[in-house]
Amino acid sequence: MTVLSLNSFAAGKWVAPSGSLTSLKSAVDGRVIAELGAELDFAAMIEHARAVGGPALRALTFHERAAKLKALAQYLNERRDALYELSYETGATKPDSMIDIDGGIGTVFVFASKGRRELPDDVIYVDGNLEQLGKTGAFVGQHVATSLQGVAVHINAFNFPVWGMLEKLAPTLLAGVPAIVKPASATAWLAEAAFRMIVESGLLPDGAVQFVAGSTGDLLDRLGSQDVVSFTGSAATANLLRKTPTILENATRFIAEQDSLNATILGPDAAPGTPEFDIFVKEVHREMTAKAGQKCTAIRRILVPTDHREAVIEAISARLAKTVIGDPRAEATRMGALASLAQRRDVLDKAALIGSEARQVYGTENGFADGVDAENGAFVSPMLFACDDPDGADKVHSVEAFGPVSTVMAYRDLDHATALANRGAGSLVASVFTHDPAVARRVVLASGAFHGRLYFANRDTGREATGHGSPLPHLVHGGPGRAGGGEEMGGIRGVMHYMQRTALQASPDLLTGITRIYVKGATPIPGQKHPFRLRFPELEIGHTLETAERQVTLEDIEHFAEFTGDTFYAHMDEEAAKANPFFPGRVAHGYLILSFAAGLFVDPAPGPVLANYGLDNLRFMKPVSPGDRLKVRLTAKAKTRRNADYGEVRWDVTVVNQDGEQVAGYELLTMNQM
Ligand code: NDP
């Protein structure tokens with residue numbers, strides 16, 4: 001295999017390595033795989049992102065960006081085989097590579113889908129509800145978010161070269177912000193191959209993405225207030241980089257995922273023989289050996305009831321003994337190599353530190369499969385430790401050996417277990433194996449504040465459980481304290497890290513104009529035509545229909561009660577209804593009011609309204625008594641294009657009585673033809 005020359009991609013051009021070059025070696029046998037080294041014009045790269053990439057992305061709506069992400073995920077998905085091939089040389093087995101490559105692509109798919117479903121077909125994100133600031137509603141408040149106008153610098157770790165890149169790119173691009181990606185050198189050949197595919201897809205606008213194969217030079221010194229650094233790696237590097245003077249002076253956003261001493265707790269109820277015990281042992285083994293333990297979320301500390309400690313050690317050791325360690329390409333292999341010899345040295349050093357406080361209860365000197373190059377390949381055996389004094393120990397709670405290394409500790413009771421879990425001083429994830437909801441709640445109360453994610457598994461979660469170590473695009477990934485204090489993903493929350501939230505205060509008319517969502521109190525647009533006769537593009541936000549009146553009679557209420565079977569006393573029994581503090585006497589059914597409202601505003605003939613598919617935020621504000629007269633105001637509140645044929649219209653529906661008092665309010669959803 002020829003040595004790969006890893007190119008950077010700067011200001012729209014591929015740039016070959018230059019300056020002092022670094023050789024990158026195969027994790028399996030030490031062969032040189034690639035060379036990298038970058039002497040780049042970082043000022044020009046930042047300028048390209050800010051002046052070309054940013055405006056091009058911001059010209060697209062969230063839905064258009066989401067469509068690009070979906071197409072990109074499909075493009076990468078069809079080219080996975082080439083990436084698996086390169087991934088073997090990082091020491092990863094096929095299942096490891098699938099976490100990285102398929103997991104990364106899957107993350108882009110999820111963001112594409114969330115972008116289309118949860119963000120508007122617009123460039124302004126409306127965040128939360130309207131805040132009424134005065135008595136009459138003439139001055140109201142609303143939070144919105146708009147794209148940052150700078151560049152996102154992504155500094156990624158070596159362990160997941162593809163996932164690590166894509167899980168940051170997807171929310172960044174969806175936010176409309178261009179990115180400069182800096183992969184970790186150790187596995188950069190895989191990141192470069194995936195990045196090359198992104199560029200070759202031609203799907204993203206010029207300037208949307210750039211790539212640094214090598215050092216970041218003075219890149220961080222040039223960042224400003226509209227930029228973001230999103231870092232994954234060691235706490236030492238994170239702490240160094242977050243102190244960059246320009247980053248401090250400009251309050252440049254700095255998101256960090258760093259070291260984490262993740263714990264797992266075997267519940268007090270999960271004794272040997274229970275399904276939870278077996279699931280727990282399987283999960284610990286998987287977390288220790290998947291990716292050879294090089295996962296920021298891997299289980300480092302195993303907390304078990306004192307009585308079950310020996311059974312746990314025995315069961316995990318038995319599984320570890322059956323784990324074939326060898327060439328990641330070989331089918332029998334269950335655990336590959338670490339990413340580099342440097343990582344092996346680091347893991348062995350850190351394991352020795354842990355060993356100063358804990359006994360090693362599993363670990364063989366050379367338990368590798370035949371043919372393994374134990375000298376030039378970065379192979380290590382899994383190491384299981386047992387710490388007899390977890391309260392007095394320090395290293396087991398603070399030293400992260402970034403490999404297949406874990407320590408068993410016994411706890412007296414659940415309070416002790418959560419106290420030990422919290423000794424990690426902030427982590428990405430902790431898991432709990434229990435079938436007892438009371439145990440689960442106590443752990444959340446005692447430990448939630450120390451962990452970005454709490455993972456509960458038991459006999460009921462079965463095959464759908466996604467695994468202790470898998471961050472999901474839908475859920476927050478990140479943790480307090482030692483874990484860096486950052487958050488990534490978490491669905492649309494992850495997009496907001498690349499946008500600025502702004503509180504707007506204005507009149508209803510101005511806010512409607514800004515957000516393109518009708519705000520109550522804005523001047524309605526009286527239509528010539530019934531709004532149900534208008535096609536999606538013709539319908540204006542604020543278009544309003546005022547209906548005629550309809551009286552509700554006692555016969556109506558009785559008829560409705562008999563017809564539907566809802567003969568609740570408040571509708572049928574005057575005396576009983578009167579005794580109820582909410583009702584003046586017999587009242588109309590809420591659903592009768594809704595039905596009459598529809599009867600008042602519907603325009604019956606076939607037309608552009610294809611379907612009524614639900615209503616949101618329904619409230620009945622005032623009882624309706626026999627003799628009351630109802631009328632309805634129907635206003636087009638928001639429009640979301642779904643495809644070339646139709647779009648969703650959200651209508652504000654206000655039902656009032658003869659005195660103009662609102663008796664009911666809701667938002668009606670219809671699908672309207674283009
Ligand atoms: P590093 O902190 O050394 O590197 C992380 C990233 O930062 C790499 O892309 C690296 O590039 C870059 N980097 C390093 N120094 C600088 C600098 N001065 N300026 C700009 N960028 C820089 O971590 P590693 O990847 O080597 O991993 C080491 C440890 O990090 C692991 O052993 C583990 O403890 C932890 N880790 C934590 C993870 C988490 O999510 N919590 C994930 C992965 C690792 P380059 O490779 O070119 O030096």
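Tutor: Begin with the largest pocket, which holds about 1,600 Å³ of space. Keep in mind that this is a predicted model.

Student: How is such a space found?

Tutor: Rolling a probe the size of a water molecule over the atoms shows where empty space is left. In this structure, 50 residues line the largest pocket, and Val126, Ile517, Lys637, Arg650 and Glu667 lie nearest its centre.

Student: Which element gives the most to the lining of the largest pocket?

Tutor: Strand 6 does, with eight residues. Among the other elements that supply at least two are helix 4 (94-118) and strand 27 (629-641). By class, the lining has 20 charged, 18 nonpolar and twelve polar residues.

Student: What is the volume of the second largest pocket?

Tutor: About 1,100 Å³. Its lining has 48 residues, with Ile99, Glu283, Arg286, Ala290 and Thr466 closest to the centre. Helix 4, helix 9 (275-289) and strand 19 (451-457) each give two or more residues to that lining.

Student: Now the ligand. Which residues come nearest?

Tutor: Of the 25 residues around the ligand, those are Lys182, Ser185, Thr237, Gln258 and Glu400. Helix 7 gives the most to this shell, with three residues.

Student: How much of the ligand does the protein bury?

Tutor: The protein buries 80% of the 890 Å² that the ligand exposes when taken alone.

Notes:
Residues numbered from 1 in each chain as written. Predicted model: local features only at pLDDT ≥ 70, side-chain atom pairs only at ≥ 80, totals over all residues. Heavy atoms only, no water. Near = heavy atom within 4 Å. Areas by Shrake-Rupley, 256 points an atom, 1.4 Å probe, with all protein chains shown as cover. Helix = DSSP H or I, 4+ residues; strand = E, 2+ residues; numbered from the N terminus. 1 Å grid on protein atoms, 1.4 Å probe; cavity = no way out; pocket = protein on both sides within 12 Å on 5 of 7 lines; lining within 4 Å. Points joined across faces, edges and corners; volume = space filled by probe spheres on them. Nonpolar A, V, L, I, M, F, W, Y, C, P; charged D, E, K, R; others polar.
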